[in-house]
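Trainee: Could we go through this structure together? I would like to discuss its charged pairs and some of its helices.

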Amino acid sequence: NFWRVFEKLLVPINSFIVLSAISVFQFGVYKLILAFHGVVTSFLVNGIDQVVLNDIIRFKHENKSNQARRLFLEWGGFRLSMGVAAFIVIFFGARTVARWYDQDIASLVRIISFLPLIYSFITVFSVLFRVFLKFGYTSVQSVVVEGSRLILLGFFWYFYRLELSEVLLAYIISFLVPVVLFFLPALKTLAYFPQGTDKARSGILWSISKGYGKWAIFKNYLKDFTNQIRPWFIKFFINTEAVALFSLAVNLTSFIQGVFPLSVFPSLIPRELDNSGRRRHLFARGMKY
């Protein structure tokens with residue numbers, strides 16, 4: 001929670017710098033480009049991350065560590081391959097988006113095309129750290145992202161120039177920094193999986209996806225797609241400036257909500273599936289908060 005609050009202090013500073021450097025119209029374009037990235041990833045990324053995290057923790061605490069490790073590797077490989085697929089779609093679809101938008105923003109879209117692959121690494125690292133309750137790593141990741149972005153924005157603003165292309169570059173590079181910093185800790189954490197007595201079987205991810213996981217996939221797909229396509233509808237029915245104002249309002253709301261550390265509970269409940277009293281306590285406490 002300490003790191004979360006520290007991160008939230010950096011967010012408005014970065015937003016102030018961006019809003020001071022570019023126009024309202026350019027900020028709307030910036031949000032539309034990020035929304036296009038979100039639409040593509042909502043199609044290609046399966047949205048089953050939390051279900052996988054739950055089952056990895058469940059396998060681990062049932063002394064099925066070999067299955068836990070197998071599920072993590074299957075999901076991690078799939079997540080990274082979908083990141084590559086999203087990169088290809090966004091990079092080579094940039095010209096189509098530029099024609100649809102009726103402005104030459106292809107080069108800007110290509111800058112953001114690297115984000116799905118980079119963010120896939122961050123997601124894989126975050127799930128691995130949560131399995132072993134290394135919440136410090138997951139919290140510091142966000143601080144590193146915002147801190148790196150602040151340094152990059154300040155560098156561009158003071159030494160070069162800060163326009164829309166530089167804002168997007170700072171956005172991409174800031175996500176790349178924690179991938180580099182936490183790559184070795186993630187590899188070391190992966191070695192923490194204890195040797196279980198179970199026999200690892202293949203196709204665990206597929207069996208989960210076609211079973212109860214399909215509901216998480218459908219829910220997350222619908223949620224992500226509608227959230228990301230909304231700015232384009234606003235642009236179509238109103239204008240680009242309206243996208244900027246709408247996004248700013250949403251960001252302010254998310255900023256306030258993000259101060260509360262509610263994301264810890266989904267990582268704790270699966271560890272108490274065999275203890276109904278403790279499980280009920282955690283669920284009730286999470287709902288109360």
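Mentor: We shall take the salt bridges, then a helix, then one arginine.

Trainee: What should I know before we start?

Mentor: This is a predicted model, in which local features need pLDDT of at least 70 and side-chain atom pairs count only at pLDDT 80 or more, while totals for chains, interfaces and linings use all residues. Residues are numbered from 1 along each chain as its sequence is written, and side-chain values use heavy atoms, with hydrogens and water left out.

Trainee: How many salt bridges are there by the rule?

Mentor: There are eight. A salt bridge here is a side-chain nitrogen of Lys or Arg within 4 Å of a carboxyl oxygen of Asp or Glu.

Trainee: Why can such side chains pair?

Mentor: Side chains of opposite charge can pair when their charged atoms come close.

Trainee: Which residue does Asp49 pair with?

Mentor: Asp49 forms a salt bridge with Arg79, at 3.0 Å from N to O. The pair links distant parts of the chain, 30 residues apart: Asp49 is in helix H3 (residues 49–61) and Arg79 in helix H4 (residues 65–92). Helices are DSSP runs of H or I with at least four residues, numbered from the N terminus.

Trainee: Are those two buried or exposed?

Mentor: Asp49 and Arg79 are both buried. Buried means under 20% relative accessible area, exposed means over 50%, and partly exposed lies in between, using a 1.4 Å probe and protein chains only.

Trainee: What about Glu146?

Mentor: Glu146 meets Arg149 in a salt bridge, with N and O 3.5 Å apart. Both lie in helix H8 (residues 135–159), three residues apart, which is about one turn of the helix. Glu146 and Arg149 are also buried.

Trainee: Which residues are joined into one network?

Mentor: Asp55, Arg58, Glu62 and Lys64 are joined by salt bridges that share partners. One of these bridges is between Glu62 and Arg58, whose closest N and O atoms are 3.7 Å apart. Glu62 counts as partly exposed because its relative accessibility is 39%; Arg58, at 22%, also counts as partly exposed.

Trainee: Changing topic, how far does H9 reach?

Mentor: Helix H9 (residues 164–181) has 18 residues and reaches 27 Å from its first C-alpha to its last, close to the expected 26 Å. The expected span is 1.5 Å times one less than the number of residues. Its buried residues include Leu164, Tyr171 and Phe175.

Trainee: Finally, where is Arg285?

Mentor: Arg285 lies in helix H15 (residues 276–288). Arg285 is partly exposed, because its relative accessible area is 33%.

Terms used
Helix = DSSP H or I, 4+ residues; strand = E, 2+ residues; numbered from the N terminus.
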